[in-house]
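Look at the model first, then read on.

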Amino acid sequence: MKNIYQNIVTAKENNQKLLAILLDPEKLQQNQIASIGDKIKKSPATHILIGGSSFEGTHLDELIKELKKFLQLPIVLFPGNPSQISAHADGILFLMLLSGRNPDYLIEHQVNAVPILEKTNLEVISTGYILIENGHQSAVERVSKTKPIPRTNIEYVMQTAKAGEYIGNKLIYLEAGSGAKESIPHEMIAKVAKTITIPLIVGGGIRSKKQIEDAFENGADMVVIGTAFENDITFFD
């Protein structure tokens with residue numbers, strides 16, 4: 001599946017909102033794929049993200065191959081580190097943790113990923129990743145050993161997002177973290193959306209269809225839902 005990024009850009013230009021379901025391979029087994037795939041097909045999802053902050057398993061390839069038996073949606077890697085790269089996916093969010101100052105997540109993991117990516121046909125999508133305070137310590141904060149940006153510091157988040165665009169990131173991802181107590185503030189989404197010209201992804205702490213709609217209305221081009229779908233695969237029924 002080619003041109004994932006161009007399709008996201010085209011959707012933004014046409015004001016077509018996108019919905020990604022994030023699957024954590026650490027919590028997913030191959031025998032669950034059929035039922036999950038069936039639920040995803042009945043949902044409004046446009047993309048599948050797969051990955052996790054701390055996943056160290058060896059069954060990622062098998063999970064993706066099984067998903068492709070049931071789904072025609074683009075499957076995009078959302079890796080916590082280079083060990084989570086699979087040639088069987090369609091693309092990868094090549095993440096730069098803009099909100100942190102740990103060099104491993106700004107450049108080191110990316111450098112180490114290059115020889116792995118060179119052996120694949122994955123579409124590599126440079127993504128500025130900004131972690132926002134959500135009320136408790138997220139897995140991203142714990143694993144990356146970086147602090148999120150306070151949810152009240154909207155001006156700094158806007159500057160960080162724009163810096164990511166200037167650096168050359170193709171997407172900006174505002175993340176509250178898996179299982180976040182609080183989702184990204186509406187005002188922050190709106191102001192970042194007006195500050196950048198590239199597509200904006202918003203995820204973390206979204207537990208209802210109304211929260212999805214609110215994120216869209218405030219300027220998100222793609223919303224990501226993970227924990228809520230994990231906990232209730234009938235979420236979209």
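Helices (H or I, at least four residues) and strands (E, at least two) are DSSP runs, numbered from the N terminus. This is a predicted model, in which local features need pLDDT of at least 70, side-chain atom pairs count only at pLDDT 80 or more, and totals for chains, interfaces and linings use all residues. Residues are numbered from 1 along each chain as its sequence is written, and side-chain values use heavy atoms, with hydrogens and water left out.

Q: Why is Glu175 called buried?
A: Buried means under 20% relative accessible area, exposed over 50%, partly exposed in between (1.4 Å probe, protein chains only). Glu175 has 5% relative accessibility, so Glu175 counts as buried.

Q: Where is Glu175 found, and what does Glu175 touch?
A: Glu175 is found in strand E6 (residues 171-175). Contact means heavy atoms within 4.5 Å. Leaving out residues up to four places away in sequence, Glu175 touches Phe78, Tyr129, Ile130, Leu131, Ile132, Ile184, Gly203 and Gly204.

Q: What makes the buried residues of H3 line one face of the helix?
A: In helix H3 (residues 60-70), the buried residues are Leu60, Leu63, Ile64, Glu66 and Leu67. Seen down the axis of H3, they fall within an arc of 165°, so they line one face. The arc is that of the directions from the helix axis to the C-beta atoms. An α-helix has 3.6 residues a turn, so residues three or four places apart point the same way.

Q: What do the buried residues of H3 pack against?
A: They pack against strand E1 (18-23), helix H2 (33-41), strand E2 (47-50) and strand E3 (75-77).

Q: What makes a space a cavity or a pocket?
A: On a 1 Å grid over the protein atoms alone, a cavity is a set of points where a 1.4 Å probe fits but cannot get out. A pocket is an open set with protein on both sides within 12 Å along at least five of seven lines. Lining residues have an atom within 4 Å of a point.

Q: Which elements each supply at least two residues of the lining of the largest cavity?
A: Helix H1 (4-13) and E2 do. Among the lining residues are Ile4, Ile8, His47 and Leu49.

Q: How many residues line the largest pocket, and which are the closest to its centre?
A: The lining has 50 residues, and the closest to the centre are Gly52, Ser53, Phe78, Tyr129 and Val140. The largest share, six residues, comes from E4.
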